[in-house]
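Please read the text alongside the sequence and the coordinates.

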Amino acid sequence: MSPRQANFSPYVPRPATLVRKERLSDMVSLFAFEPDDGRSLAHKPGQFIMLSMYGVGEAPFSISSPPRRQSVEFEIAVRNIGTVTNALHELEVGQKVGVRGPHGTFFPVQVFMGKDTLFVAGGLGYIPLRSLLHYQLRHRDEFGRIIVLVGTRNPQERIFTDQIAELAARSDVEVYETVDVPDAGWKGNVGVITTLLPQIRSLQPDNTYVAMVGPPVMYKFVIADCQKMGIPAGNIYVSLERKMKCGLGKCGHCQINGVSACIDGPVFKYTEIQTLKEAV
Ligand SMILES: Cc1cc2nc3c(=O)[nH]c(=O)nc-3n(C[C@H](O)[C@H](O)[C@H](O)COP(=O)(O)OP(=O)(O)OC[C@H]3O[C@@H](n4cnc5c(N)ncnc54)[C@H](O)[C@@H]3O)c2cc1C
Ligand code: FES
C-alpha cells in the first residue's frame, strides 16, 4: 500500500498538530488541532475521533467544535483520567498526535431545523453538545428556541464557564444551570439536572427536540421527565459512550445488546434503544 493510500485507511491515524491549549477546569482542558494534510475532518455534530498519543495509546474523544467551512482546525476537550489523557495533557503546542475519524452517528441537524432544541448537558456532556449548539448559533435563523440545561457535580468542575455566561446573556438562548453540591460562592440552582425542567416556560412538547449527553445515571430520569412533559420519545436523541478500541464496528468492545456504540451510535434516537436492556 502506498503512503497515500495508507492515509485514507480508516485504521491509519492522520498526523495532526496541537495549535492551541486552554485550561477549562482542574481536570479538563481544551485542545485545538490542525490535520497536517490540510484536509478538514468534515465532521457532523456528535461524532468522535480516535486520538493516538504516539507510543502511549489511542482513545475516543468527541469533537467539540462545530463543523467549519473556513478552517480545518477542530477542538476536543478532555478530562485527565488515565494513560492517554495524561499524555495528551502534557502535550505542548506544535507537537503531534494521530487522528482517525470522524466516526459514528451524529445529531440530525436537518431534523432539528425549525424546531425548538432542548440541550441537556450533564458534566462532560457539554463537550459533544457544544458542537451542535454552536452550529445552531451560527445558523440561528434556521432553528427555533434554544434551551440549554447544564448540570455539574460542583462549581469547581464547571467547564466552558465564560462561554456559558455569554450564552446566558443572549436574548435568543435560554440557559439554566445547576450543581449537585454548591460551595460558599455558588448563587445558582442546586440539585440534579431534572430540577431545571419545571423552570422552562411554555415549552411546546411536540415542537421540541432533545439532545442529551451526560453520565448514564442521568438518562433514565431525564427521559422519564421529558416524556411526562409530553415530548415524544421519537424527539429525544442521546449519545451513549462505551469503551471503544477500533471505532469501526470490528472489535466488539462497545457492544450494547448486539448494537455497536461506535458505528450504530454514539448518537441514537431514543426509540432505537429503548428496548435495549443495557442502553440507559
Ligand atoms: C464516543 C466517546 C466520546 C468520548 N468523548 C470524550 C470527551 O469528549 N472528553 C473526555 O474527556 N472523554 C471522552 N470520552 C472518554 C475517554 O475516551 C476516556 O476518558 C479515555 O478513553 C480514557 O483513556 P485513558 O487512557 O486516559 O484512561 P485509562 O488509563 O484507560 O483509564 C484510567 C481510568 O479511567 C477509567 N476510564 C476509562 N475510560 C473511562 C470512561 N469513558 N468513563 C469513566 N472512566 C473511564 C478506567 O476504567 C480507569 O480506571 C469519550 C468516550 C467515548 C466512547
Ligand atoms: S469499538 Fe470496536 S466495535 Fe465498537
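The sections below cover the domains, the ligand shell, the strand pairing and some backbone details.

## Domains

The structure is a predicted model. Its domain assignment gives domain 1, residues 3-103, and domain 2, residues 109-239. The C-alpha centres of domain 1 and domain 2 lie 25 Å apart. Across the boundary, 14 residues of domain 1 are in contact with 16 residues of domain 2. The side of domain 1 that touches domain 2 has seven nonpolar, five polar and two charged residues.

## Shell around ligand 1

Ligand 1 is surrounded by 21 residues, and the closest of these are Ala59, Ser62, Gly82, Val84 and Thr85. Three elements supply at least two residues each to the shell: strand S4 (57-62), strand S5 (74-79) and helix H2 (83-89). Strand S4 makes the largest contribution to the shell around ligand 1, with five residues. Sorted by class, the shell around ligand 1 holds 13 nonpolar, five polar and three charged residues.

| Strand pair | Sense | Bridges |
|---|---|---|
| S7 (residues 116-122) and S8 | parallel | six bridges |
| S8 and S9 (residues 174-179) | parallel | six bridges |
| S7 and S11 | parallel | six bridges |
| S11 and S12 (residues 236-239) | parallel | three bridges |

Strand S8 spans residues 146-152, and seven of its seven residues are buried. Ile146, Val148, Val150 and Thr152 are buried on one side of S8, while Ile147, Leu149 and Gly151 are buried on the other, so that both faces are covered. Strand S8 pairs with S7 and also with S9.

From S7 the chain passes through helix H4 (residues 126-138) to S8, in a β-α-β crossover that is right-handed. Strand S8 then forms a right-handed β-α-β unit with helix H5 (residues 161-169) and S9.

Strand S11, residues 208-213, is also mostly covered, with six of its six residues buried. One side of S11 carries Thr208, Val210 and Met212, and the other carries Tyr209, Ala211 and Val213; these residues are all buried. Strand S11 pairs in the parallel sense with S7, where threonine 117 has tyrosine 209 of S11 as its bridge partner. Strand S11 also pairs in the parallel sense with S12, and there valine 210 stands opposite isoleucine 236. The chain runs from S11 through helix H6 (residues 216-228) to S12, and this β-α-β crossover is right-handed.

## Backbone details

Which backbone features deserve a check in the model? Most residues other than glycine have a negative phi, and most peptide bonds are trans. The cases below depart from that pattern in this model.

The peptide bond from glycine 101 to proline 102 is cis, with omega near 15°. Proline 102 belongs to strand S6, residues 96-103. A cis peptide bond also joins glycine 265 to proline 266, again with omega near 15°. Proline 266 sits in the loop between strand S14 (259-260) and strand S15 (267-269).

For serine 202, phi is about 50°. Serine 202 lies in the loop between strand S10 (189-190) and S11. Is serine 202 buried or exposed? Serine 202 is exposed, because there are 5 other C-beta atoms within 10 Å, and a residue is exposed if that count is 12 or fewer.

For asparagine 257, phi is positive at about 45°. Asparagine 257 is in the loop between strand S13 (255-256) and S14. Asparagine 257 has 10 C-beta neighbours inside 10 Å and therefore counts as exposed.

Conventions: Residues are numbered from 1 along each chain as its sequence is written. Chains are lettered from A and ligands numbered from 1 in the order in which they are written. This is a predicted model: local features need pLDDT of at least 70, side-chain atom pairs count only at pLDDT 80 or more; totals for chains, interfaces and linings use all residues. A residue is near a molecule or strand if its C-beta atom, placed from the backbone, lies within 6 Å of it. Helices (H or I, at least four residues) and strands (E, at least two) are DSSP runs, numbered from the N terminus. Ala, Val, Leu, Ile, Met, Phe, Trp, Tyr, Cys and Pro count as nonpolar, Asp, Glu, Lys and Arg as charged, and the others, Gly among them, as polar. Domain bounds come from an automatic or database domain assignment. Two residues are in contact if their C-beta atoms, placed from the backbone, lie within 7 Å. A residue is buried if 20 or more other C-beta atoms lie within 10 Å of its own, exposed if 12 or fewer, and partly exposed in between; C-beta atoms are placed from the backbone. Two strands pair if DSSP finds at least two bridges between them. A crossover is right-handed if, with the strands pointing away from the viewer, the path from the first strand over the helix to the second runs clockwise.
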